[in-house]
Amino acid sequence: MNNLQVIEHKNERVLTTQQLAEIYETSTDNIKNNFNRNKDRFIEGRDYYLLKGNDLKKFKNFVNNSNYVTDSYLVDPRTPSLYLWTERGANRHSKILDTDQAWKQFDVLEETYFKVKKMKPMEILKLQNEALFELDQRVEHLEN
């Protein structure tokens, strides 16, 4: 999950279906099938956004021509529609998948990917400082 590209839609961090499948170590087809079987449990605009037409075109141009992408397209230019999953939507998928890995990965998403946006700069610096202090202690312990 270290290579996870951060994307936002309507000032909210979201994940594509492809990203969600990679994180939960499943296929995009599994994500799509689970969603279709449980569509009544998801609310558009709260759990996901469905982009089509001009909105999709603008979004694809933005993410594919920005620093979101390193060596490939984040969104295939031929994609006719795109689901973007919010934190709540990602949580619902982890419940549907109901595997230890999905629950574990959602915990990581919740604490890192989605939470960072909500934190104040000083909180981020504090966390970074704590992480560096912990790393320094581990290195010192290994050296001894």
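E1 and strand E2 (residues 12-16) pair up in the antiparallel sense, joined by three bridges. Keep in mind that this is a predicted model, where local features need pLDDT of at least 70, side-chain atom pairs count only at pLDDT 80 or more, and totals for chains, interfaces and linings use all residues. Residues are numbered from 1 along each chain as its sequence is written, and side-chain values use heavy atoms, with hydrogens and water left out.

A few terms first. Strands here are DSSP runs of E with at least two residues, numbered from the N terminus. Two of them pair if DSSP finds at least two bridges between them.

Now for who sits across from whom. Here are some facing residues:

| Residue | Opposite residue | Strand of the opposite residue |
|---|---|---|
| Ile7 | Val14 | E2 |

The hairpin of E1 and E2 has two residues between the strands, and in it Lys10 takes a positive phi near 55°. On to the next neighbour: E2 also runs antiparallel to strand E4 (residues 81-85), and two bridges join them. E2 is mostly covered, with four of its five residues buried (buried means under 20% relative accessible area, with a 1.4 Å probe and protein chains only).

Zooming out, the four strands form an open sheet in the order E1-E2-E4-E3, with antiparallel pairing. Strand E1 (7-9) and strand E3 (48-52) stand at the edges with a single partner strand each, so one side of each has no neighbour in the sheet. Direction ignored, neighbouring strands of this sheet are turned by 45° against each other on average, using axes that are lines fitted to C-alpha atoms, with angles that run from 0 to 180 degrees between N-to-C directions.

Terms used
Buried < 20%, exposed > 50% of the residue type's maximum accessible area, 1.4 Å probe, protein only.
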